[in-house]
Amino acid sequence: STKSFVHGGSGEKMHAAFAELESMIRGPFITGQDFSLADISAIPMFQRLMEDARRVGLEGARYPRICAWFEACRTRESVAKTRSSWWWW
């Protein structure tokens, strides 16, 4: 699970998921030019993951499409309004 990974669990499955997402991004958003439900569903988890990007190995050199996608989403006003400084885990 992501919680386990972030708290020191094995990252093998998480990196397999990152690699799959990296290959799926059609840019700048997951399905292409339009912000969609795919982005809306993924962005909350990635907001948390990107806070610890270095620790979880989610860096631009390894996952350039994910990082570019995250930046494109993060700068949208609708996403910025949902940003939380508190996480349940």
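A residue is taken as buried when its relative accessible area is under 20%, as exposed when this value is over 50%, and as partly exposed in between. In the predicted model described here, this rule places R48, with a relative accessible area of 12%, among the buried residues, and buried residues as a whole make up 39% of the 89 residues in the protein.

The protein is built from six helices and has zero strands, so that, under the numbering of helices from the N terminus, the order of elements reads α-α-α-α-α-α. Among the contacts between residues at least 6 apart in sequence, 68% join residues that lie at least 24 apart.

In soluble globular proteins, nonpolar side chains tend to be buried together. The largest nonpolar core of this model contains 22 residues, of which F18, F46, L58, I66 and W69 touch the most other members. Two or more residues are given to this core by each of the helices α2 (12-24), α3 (37-51), α4 (53-56) and α5 (64-74), and the greatest contribution, six residues, comes from α5. The surroundings of F18 illustrate how separate parts of the chain meet in this region: when neighbours within four places in sequence are left aside, F18 is in contact with F46, L49, V56, L58, Y63 and I66.

Within α5, the buried residues are I66, C67, W69, F70, A72 and C73, and the buried residues of this helix pack against α2, α3 and α6 (77-80). Two packed helices are described by the angle between their axes and the distance between the axes. For α2 and α5, the angle is about 70° and the axes are 8 Å apart; because angles of 65 to 115 degrees count as roughly perpendicular, α2 and α5 are described as roughly perpendicular to each other. On the side of α2, the contact is made by F18, L21, E22 and S23, and on the side of α5 by P64, R65 and I66. When these residues are sorted by class, the contact comprises four nonpolar, one polar and two charged residues.

In the pair formed by R48 and E51, the closest N and O atoms are 3.8 Å apart. These two residues lie three residues apart in helix α3, and R48 and E51 are therefore separated by about one helical turn.

A second salt bridge joins the side chains of R74 and E71, with an N to O distance of 2.6 Å. Here too the spacing is three residues, this time in helix α5, so that R74 and E71 are separated by about one helical turn. An α-helix has 3.6 residues a turn, so residues three or four places apart point the same way. Both partners count as partly exposed, R74 with a relative accessible area of 41% and E71 with 36%.

A further salt bridge links E77 with K81, the closest N and O atoms being 3.4 Å apart. In this pair, E77 counts as exposed at 56% relative accessibility, and K81 likewise counts as exposed at 64%.

How values were computed: Residues are numbered from 1 along each chain as its sequence is written. This is a predicted model: local features need pLDDT of at least 70, side-chain atom pairs count only at pLDDT 80 or more; totals for chains, interfaces and linings use all residues. Side-chain values use heavy atoms; hydrogens and water are left out. A nonpolar core is a set of buried Ala, Val, Leu, Ile, Met, Phe, Trp, Tyr and Cys residues joined through side-chain atoms within 4.5 Å. Buried means under 20% relative accessible area, exposed over 50%, partly exposed in between (1.4 Å probe, protein chains only). Helices (H or I, at least four residues) and strands (E, at least two) are DSSP runs, numbered from the N terminus. Contact means heavy atoms within 4.5 Å. Axes are lines fitted to C-alpha atoms, for helices over the stretch in contact, and angles run from 0 to 180 degrees between N-to-C directions. Angles under 35 degrees count as roughly parallel, over 145 as roughly antiparallel, 65 to 115 as roughly perpendicular and the rest as oblique. Ala, Val, Leu, Ile, Met, Phe, Trp, Tyr, Cys and Pro count as nonpolar, Asp, Glu, Lys and Arg as charged, and the others, Gly among them, as polar. A salt bridge is a side-chain nitrogen of Lys or Arg within 4 Å of a carboxyl oxygen of Asp or Glu.
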